Amino acid sequence: MLRFLTSGESHGRGLIALVEGFPSGLDIDKSKIDDELGRRQQGYGRGARQKIESDQAVILSGVRHGTTTGAPISLMIENKDWDNWQEVMSVTKVNVKDAAVNEKLLKKQIKHFRPGHADLAGTIKFRQRDIRDVLERASARETAARVAAGALCQQLLERFGMKIAAHVIQVGSVRAGSVQFETLAELEEKIHDSELFCACPEASEAMKDLIKSTWSEGDSLGGVIEVLADGLPVGMGSYTQWDRKLDGRLAQALISIQAMKAVEFGEGIFASANKGSLVHDALYPAAGQLPFQRKSNRAGGLEGGMTNGERLVVRVFMKPIPTLLRGLDSVSFPDFKAHKADYERSDVCAIAAASVVAKAMVAIILADAFLEKFAGDSIADIEAAFENYRTYLSNGNRQRQS
Ligand code: EPS
């Protein structure tokens with residue numbers, strides 16, 4: 001079992017990702033982790049914070065001489081902004097009798113809930129005295145740690161011929177037109193220069209314009225991300241128990257990303273309104289690597305909670321960021337009087353960054369499901385199990401192996 005946790009606050013010293021259950025013997029390319037971290041910081045619509053940060057991972061454990069050892073891998077990303085927050089976010093007690101310190105604390109205290117954010121329920125639940133205690137951990141800054149862990153998992157998947165890509169297909173009401181691509185490398189080329197990681201150049205410009213005008217109105221925007229994965233062997237995940245189903249596990253991981261409100265696999269929404277004959281992907285014999293083929297992939301690569309050999313297609317829907325420059329109606333804390341929500345420096349639209357996070361979360365779940373299917377403590381053991389399964393599949397999948 002692959003486990004992963006994060007810790008850290010938005011303006012604290014830094015973030016940590018802890019990945020446990022990762023096999024030994026994989027050569028790690030740290031520059032690939034840093035590339036993903038850099039990509040997560042990009043995208044049109046982000047606020048001033050990204051000019052302060054230049055995220056890089058420091059690998060603290062679990063890797064020796066460039067190769068994983070099988071021990072827990074911890075990755076740290078420092079917050080450069082910490083320099084400006086040392087008193088406000090100090091882990092040790094500060095001297096509130098010092099007028100300068102006290103003034104800093106009061107200035108950064110959050111007293112008005114932002115509707116749509118974790119502020120209200122978090123403050124009540126944890127009996128906080130300052131809404132900042134919720135904001136700091138609920139902030140999407142945390143996703144930098146997820147991206148570092150995801151980039152590690154992507155390297156494991158790549159080692160076994162799998163590839164993941166993500167692109168933005170909608171910002172607010174602007175949808176990308178359909179774009180043709182065969183391989184995910186081709187898709188990545190198409191999104192490379194788009195400031196919104198969108199493969200359709202016209203839509204990309206229209207998305208930018210919409211973000212610009214929304215910005216000037218003091219408002220915010222969400223959007224839709226599509227994540228795709230190729231090369232997944234048939235049978236990752238399982239139909240045998242609810243919590244082994246891969247669609248359920250992916251949905252949970254994606255919905256856990258800040259501001260995500262819905263997930264769709266393949267043509268899931270279309271499927272709910274149409275007849276079975278229009279929805280299911282018929283099977284035909286084939287003589288290739290697999291003894292079957294299909295002419296469509298409306299299921300999005302998953303049937304019965306398992307990969308079925310087709311491309312994984314999953315979409316995740318993000319709501320607009322809840323921190324609005326113009327402030328929504330809200331109440332104050334702790335006296336609950338009518339007051340506009342606080343404005344904390346924020347992004348206007350973080351959909352491009354979120355696409356990198358969605359890709360990372362899919363990588364983490366797929367790596368877990370892969371290790372479950374081809375269990376082994378080392379890459380060598382996993383490779384043997386993987387090869388054995390490939391031989392079984394190429395035999396025509398006709399006989400069960402004892
Ligand atoms: C965020 C608010 C902003 C974003 C932040 C998420 O941070 P700040 O308040 O420091 O300006 O920039 O995202 C990041 C820092 C990041 O690296 O993604 C929030 O409230 O969720």
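Reader: In this model, which residue of S15 is the bridge partner of Val 224?

Author: Phe 317 is the partner of Val 224. Bear in mind that the model is predicted.

Reader: What makes S9 and S15 a pair?

Author: Seven bridges join them in the antiparallel sense. Two strands need at least two bridges to pair, so S9 and S15 count as paired.

Reader: And what is the strand order of the open sheet of five strands?

Author: The order is S8-S7-S9-S15-S10, with antiparallel pairing.

Reader: Why do S8 and S10 stand at the edges?

Author: Each of them has a single partner strand, so one side of S8 and one side of S10 have no neighbour in the sheet.

Reader: Which helix packs on the sheet by touching S7 and S9?

Author: Helix H7, residues 184-191, does that, and its direction makes about 45° with that of S7. Helix H8, residues 201-216, lies across S7 and S8 and runs at about 55° to S7.

Reader: Now the helices. How close do the axes of H9 and H12 come, and at what angle do they cross?

Author: They come within 9 Å and cross at roughly 145°.

Reader: What is the hand of the crossing of H9 and H12?

Author: Right-handed. Among the residues in contact are Leu 246, Leu 250 and Leu 254 of H9, with Met 361, Ile 365 and Leu 366 of H12. The contact divides into 10 nonpolar, no polar and three charged residues.

Reader: Which residues of H1 meet H12?

Author: Glu 36, Arg 39 and Arg 40 do, and they face Ala 353, Val 356, Val 357 and Lys 359 in H12. Ala and Val count as nonpolar while Glu, Arg and Lys count as charged, so Ala 353, Val 356 and Val 357 make up the nonpolar part. The axes of H1 and H12 come within 8 Å and cross at roughly 145°.

Reader: On to the pockets. How many residues line the largest pocket, and which lie nearest its centre?

Author: There are 40, with His 117, Ala 138, Ser 139, Ala 140 and Arg 141 nearest the centre. The elements giving two or more residues include H5 and H6, and H12 gives the largest share, three residues. The space comes to about 860 Å³.

Reader: What makes a residue count as lining there?

Author: An atom within 4 Å of a point of the pocket. By that test the lining divides into 16 nonpolar, 12 polar and 12 charged residues.

Reader: And what is the volume of the second largest pocket?

Author: About 580 Å³. Its lining has 21 residues, and His 167, Ile 169, Ser 178, Glu 226 and Arg 315 are the closest to its centre. S7, S9, H10 and S15 each give two or more residues. The lining comprises 10 nonpolar, five polar and six charged residues.

Conventions
Residues are numbered from 1 along each chain as its sequence is written. This is a predicted model: local features need pLDDT of at least 70, side-chain atom pairs count only at pLDDT 80 or more; totals for chains, interfaces and linings use all residues. Side-chain values use heavy atoms; hydrogens and water are left out. Axes are lines fitted to C-alpha atoms, for helices over the stretch in contact, and angles run from 0 to 180 degrees between N-to-C directions. Helices (H or I, at least four residues) and strands (E, at least two) are DSSP runs, numbered from the N terminus. Contact means heavy atoms within 4.5 Å. On a 1 Å grid over the protein atoms alone, a cavity is a set of points where a 1.4 Å probe fits but cannot get out, and a pocket is an open set with protein on both sides within 12 Å along at least five of seven lines; lining residues have an atom within 4 Å of a point. Grid points are joined across faces, edges and corners, and a volume is the space filled by probe spheres set on the points. A crossing is left-handed if the near helix is turned anticlockwise from the far one by less than a right angle, and right-handed if clockwise.
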